[in-house]
Amino acid sequence: MSRVHLLAGLALLATASASASVANAGEIRIACYSDGNECPATMDLAKRFMAANPDVKVTIDEMPYKSILESLPVQLAAGQGPDAARVTLFGTVMQYMIDLTPYVKNPAYWEASFGAVLPWTRPPGVTTGIYGLPTQFTVTSPIVNKTLFDQAGVKLPADGASWDEWAAAVDKVAKATKTPYGMAFDRSGHRFAAAAISMGAKYFAADGTPAVIDDGFKAMASRFVKWNADNTVEKDVWASTGGGYRDAFEEFANAKIVMYHSGSWQLNRLQKQIGDAFEWQVVGNPCDKVCSGMPGGAAFVAFKGSKNPKDVARFFDFLADKPVYAEWMGMTNNIPAQAELQKGGVSYKLSPAATAALAAFGANAAKVSPTGYKLSGYAQNSAIYNPTVDRLSQVIAGQMTLDQAYARITQDVADSVAAAKK
Amino acid sequence: MKILTAAYAAVMNLPERPMRWAQGRLRGGRLGWVFVAPNLAVFALFSFLPIVIDIVYATTGGAQLLPSERPYVGADNFASLLDCTNHLDPNTCTRDLFWHGIWNTLRFVVFQVGLMLGFSLLTALVLNRKIMGRGFFRAMFFYPVLLSPVVVALIWKWILQREGVLNAGFMAAGVTPVNWLLDANWAFFWSVFISIWAHMGFYTLILLAGLQAIPAEIHEAAAMDATPPLRHFRRITWPLLMPSVLVVFVLGLIRAVQMFDEIYVLTGGGPGTATTFIVQYIYKTGFADGVRQYGLAAAASLLLAGVLLVLTLLQLKGQRAKNG
Amino acid sequence: MADMLTAKRGHHRWDWTDWAAHLYLLLGVLVMFGPVAWLGLSSLKSETGLNAFPPTLLPYEAATAPVEGRGNLRLYTIDSGDFAGQQLAEIRRVGIQAQMVDPKRPEVIIRLPVEGRTPVMRMRLATENYTALFSRFDFFRYFWNSSFITIVATVLTLLVNSMSAFVLSKYRFTGRESVFLVMLATLMIPPTIVLVPNYLIAAQLGLTNSLWGVIWPGVATPTGVFLLRQYMLTLPDELLEAARMDNASEWRIYWRIVLPLSAPALAVLAIFSVMWRWNDFLWPMVVLARSEVFTLPLALNSFQGELTTQWNFLLAMTVVTLLPVTIIFAFLQKYITQGIASAGVK
């Protein structure tokens with residue numbers, strides 16, 4: 001009897017839940033995160049799409065960026081994921097992504113428009129296929145508080161200045177203006193990589209396997225640790241919060257730092273939250289060996305678990321259409337990933353400062369080194385980024401030496417890459 | 001009120017007929033199985049089955065979530081977790097973060113449980129006196145127990161931040177402000193302090209109840225003999241309170257070993273690994289890393305489960321000593 | 001009255017231990033409740049008030065004045081120079097210079113160095129921190145989710161645990177002891193250890209991103225069964241026998257007789273359950289990934305990540321999260337503390 005009861009209970013539970021999880025035909029759920037207003041903007045466009053296509057219902061779930069990084073892969077692994085999601089680190093969900101080529105209206109248009117960025121979304125070894133709709137092209141860049149420079153009477157280092165020159169300059173400004181710190185890096189291995197690549201880091205061996213620790217990486221790592229120790233870089237960001245991503249935007253917006261090493265995706269927040277509270281300016285990436293930032297981009301990608309890939313593709317087709325895409329970029333103030341629109345054609349609602357910033361971001365994008373593209377397109381790049389952050393944090397907190405950290409990073413990367421292959 | 005009673009009766013009457021039917025068919029006490037079935041089902045599904053799956057995870061590798069897709073690796077995960085040249089120095093271990101977690105947890109448990117026991121006892125002794133507004137004070141000490149760990153962490157984050165009220169107080173007193181959560185030792189101190197702050201009220205209540213259960217006559221008899229207070233405490237109060245102390249000790253120990261929520265929000269385990277405890281290692285390895293190594297997380301869980309098993313047995317023994 | 005004040009341990013005079021005890025308690029109140037009070041006060045400060053260092057006890061903010069054609073501008077008192085003692089409004093700040101204007105003569109722009117002026121502060125409760133919460137965030141949804149989980153889970157916990165406790169205390173059947181032991185054994189399996197497998201199971205049952213996924217796994221608590229069983233053991237068997245004579249079914253005996261008589265123990269378990277559920281964090285964080293199903297602690301945690309230093313919203317939200325428990329506690333404080341104390345002793 002007890003067994004019968006137990007089974008009955010289980011059956012009840014299962015049916016109750018099954019009925020909840022079955023997607024209705026034509027219903028698609030998209031997990032989204034916003035750098036600025038991407039999700040609300042997409043939602044607006046989705047409404048227009050649904051008005052024209054009443055048989056499809058698009059739901060956009062806005063969630064914290066951290067959830068996209070941490071929860072989404074587990075959900076997908078358990079078969080409980082959404083139909084599509086906005087993602088930047090494609091490696092974390094790559095095994096669940098599908099090729100939309102059979103579903104989109106005009107694959108040639110996609111190839112022509114997004115050909116430069118599409119390879120990032122493809123699994124290793126795959127050279128064709130539409131695995132996502134790139135929503136923006138991003139590049140890391142330093143953003144400086146010009147007002148503080150003026151107050152300190154320090155001139156902005158010229159284009160082509162090295163990281164050391166920049167560090168000395170912002171430190172001087174911070175001391176003169178009683179600003180707590182010279183600069184801050186987002187707590188991200190991606191941001192660190194941008195600086196390391198400028199120092200000559202190659203990240204990969206000749207055979208394409210990761211070889212993170214080299215002279216270039218070491219040059220940046222040792223500087224970064226030193227800057228954290230002498231308050232040139234704000235220690236809170238990297239040392240204080242343990243695991244995970246954290247950005248330093250609020251510190252910059254509140255004028256607690258002179259220079260903020262982040263990227264073009266912050267344009268919206270810069271314009272909206274800072275406005276004319278102080279004069280801010282995007283500058284060229286510092287140069288040592290090269291003057292490279294890290295490229296990046298977010299894309300909406302569709303997943304294998306989706307019951308309605310056709311409808312997902314329909315919605316993506318709608319968004320990818322040039323006029324809609326241009327409008328979308330205008331709403332979100334992003335650099336388009338669409339080839340033609342990159343030459344112009346998006347009308348932004350930008351302040352003069354933001355317009356200048358957009359141009360500066362564009363200039364930085366043109367200078368990205370091949371290593372940057374390679375790292376951005378590497379499927380397991382999060383297996384490189386995470387140990388970089390974790391281990392350097394430990395050095396910053398005084399718990400290990402740089403040499404120990406280098407050994408650990410090498411080991412961590414090898415370990416993760418091996419685990420991912422199994 | 002009447003409506004609630006009626007609703008309660010209506011709902012509880014629903015199983016009447018099936019239960020009567022079951023009662024008619026099940027002789028002896030076997031009907032009891034029907035009553036415990038729901039409870040057992042939930043236990044089976046969310047406590048025992050997971051342990052089995054944990055064992056499967058712990059003996060398989062790779063980054064796949066579904067057990068069927070994972071390659072068998074035997075005891076590799078355990079071996080890799082336990083592999084150290086020198087077990088006292090986490091930096092010599094293959095899984096150094098795991099060992100940082102272990103040592104931090106141990107250090108945390110020693111300080112947290114010891115100090116919390118001390119403060120709870122002191123507070124209980126003070127509250128056991130005839131004091132005006134005793135109910136108010138008791139409530140004040142208990143209040144933080146009710147707060148969500150996230151709330152607790154945010155309250156203290158606000159106080160401890162660089163330009164927080166604590167540093168303002170320090171400046172006013174002429175002391176240089178400290179970046180509390182940026183210094184490894186201070187961050188650890190505050191983890192201990194805040195977890196005591198948030199939980200001691202609960203243990204104080206248990207000890208207070210234990211104190212109040214000591215018959216007044218015993219104290220009075222001692223008062224007649226004019227026993228000095230300290231001796232009174234050592235000879236009479238402490239031995240009689242021992243069972244409650246034991247309960248508090250073991251409960252506190254089990255909870256300290258599992259500490260996660262407050263610290264996760266407060267420091268995220270940092271700076272560096274200064275406040276990374278064992279549960280956080282499990283969470284990070286299984287849920288937050290770029291490549292999730294469920295096998296390692298499960299193996300670490302099982303090792304932790306072993307330790308908790310010993311602690312729980314201790315508690316049962318303590319309870320028996322107390323009840324018997 | 002005087003007698004009550006001085007009635008300490010049978011003495012009639014304050015000795016040093018009384019002083020020490022009271023001092024300890026007052027200090028205790030400061031340490032235990034002070035931080036919460038500080039949170040409450042801070043949550044009513046405007047952003048400028050919050051950024052002020054050293055902080056003020058009461059909520060102050062920068063005063064503004066309307067200037068024709070320019071809207072509301074911040075007021076400063078000028079410390080020295082030609083305009084010493086005057087209150088001027090700031091149009092904008094460029095580098096180390098500020099463009100100021102006299103609110104009464106809006107057409108004349110005055111350029112002054114940013115040093116040598118103090119902002120005019122005035123007291124104001126920044127209630128917009130709270131109102132903005134409701135407009136900016138889907139606050140009611142989180143509140144509802146938390147409440148739903150807490151209430152439903154508590155009712156289910158009481159029901160499921162009391163059914164077990166009933167037969168474990170009042171029945172003799174083969175396997176009873178083993179059932180009891182098995183339940184106690186689950187005490188040893190803390191939720192953190194089975195995090196990954198539990199997620200897998202919840203996912204297979206389709207319980208992820210559903211409030212039920214948070215509710216079900218915690219419904220069968222060994223603590224609850226143990227607590228209720230110990231209490232039910234003290235109920236006299238004669239009552240049950242009498243009911244059986246009247247041909248009442250066992251189910252009826254359970255809900256009509258045993259449950260009402262166990263009310264005190266059920267109340268204690270209910271308190272525990274509410275506390276556990278309202279504050280639960282790790283498991284919900286794993287199961288619930290969509291913001292529409294977030295509970296209050298999850299929402300708080302995600303905002304503290306997103307809004308790093310937007311303390312004005314964060315503080316207000318923290319206050320609103322702790323308010324319900326605080327109110328319940330204020331009213332039921334006596335029962336809650338006594339209930340928990342008695343459960344700990346039993």
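Figure 1. Over residues 1-23 of chain A, pLDDT stays under 50. For this stretch the predicted model has 25 contacts beyond four places in sequence. Helix 1 (residues 2-21) of chain A has the lowest mean pLDDT among the elements of chain A, at 43. Helix 10 of chain A has the highest, at 96. Chain A as a whole averages a pLDDT of 87. In chain A, 93% of the residues score at least 70.

Figure 2. Domain 1 of chain A takes in residues 25-137 + 297-352. Domain 2 of chain A takes in residues 139-295 + 359-421. Taken over C-alpha atoms, the centres of these two domains of chain A are separated by 27 Å. The contact between them involves 22 residues of domain 1 of chain A and 18 residues of domain 2 of chain A. On the domain 1 side, the elements that give two or more residues are helix 3 (65-70), helix 6 (118-121) and strand 4 (132-145) of chain A. The largest share, 3 residues, comes from helix 3 of chain A. By class, the domain 1 side of this contact divides into 12 nonpolar, 8 polar and 2 charged residues.

**Figure 3. A loop residue of chain A with positive phi.** A:Asn231 sits in the loop between helix 10 (215-229) and helix 11 (235-240) of chain A. Its phi is near 70 degrees, a positive value in a residue other than glycine. Most residues other than glycine have a negative phi.

**Figure 4. A cis peptide bond in chain B.** B:Gly270 and B:Pro271 are joined by a cis peptide bond. Omega is about -5 degrees. Most peptide bonds are trans. B:Pro271 is placed in the loop between helix 12 (261-266) and helix 13 (278-288) of chain B.

**Figure 5. Domains and confidence in chain B.** Chain B is divided into domain 1 (2-58) and domain 2 (96-323). The centres of domain 1 and domain 2 of chain B, taken over C-alpha atoms, are separated by 36 Å. The average pLDDT of chain B is 88, and 98% of its residues score at least 70. Helix 5 (residues 96-127) of chain B has the highest mean pLDDT among the elements of chain B, 95. Helix 14 (residues 294-323) of chain B has the lowest, 80.

**Figure 6. Contact of chain C with chain B.** In this contact, 82 residues of chain C meet 84 residues of chain B. Helix 15 (residues 311-345) of chain C gives the largest share of the chain C side, 16 residues. That side divides into 57 nonpolar, 18 polar and 7 charged residues. Chain C itself is divided into domain 1 (15-59), domain 2 (64-119) and domain 3 (130-345). The C-alpha centres of domain 1 and domain 2 of chain C lie 36 Å apart.

**Figure 7. Helix 3 of chain B against helix 7 of chain C.** Helix 3 (residues 31-58) of chain B packs with helix 7 (residues 195-204) of chain C at an angle of about 115 degrees. Their axes are 8 Å apart. The two helices are therefore roughly perpendicular to each other. Helix 3 of chain B passes helix 7 of chain C in a right-handed crossing. Helix 3 of chain B makes the contact through B:Leu45, B:Phe46, B:Leu49, B:Pro50, B:Ile53, B:Asp54 and B:Tyr57. Helix 7 of chain C contributes C:Val196, C:Pro197, C:Asn198, C:Leu200 and C:Ile201. By class, this helix contact has 10 nonpolar, 1 polar and 1 charged residues.

Methods:
Residues numbered from 1 in each chain as written. Chains lettered and ligands numbered in written order. Predicted model: local features only at pLDDT ≥ 70, side-chain atom pairs only at ≥ 80, totals over all residues. Axes fitted to C-alpha atoms, helices over the stretch in contact; angles between N-to-C directions. Helix = DSSP H or I, 4+ residues; strand = E, 2+ residues; numbered from the N terminus. Parallel < 35°, antiparallel > 145°, perpendicular 65-115°, else oblique. Left-handed = near helix turned anticlockwise from the far one by under 90°. Contact = placed C-beta atoms within 7 Å. Nonpolar A, V, L, I, M, F, W, Y, C, P; charged D, E, K, R; others polar. pLDDT = per-residue confidence, 0-100. Domains from an automatic or database assignment.
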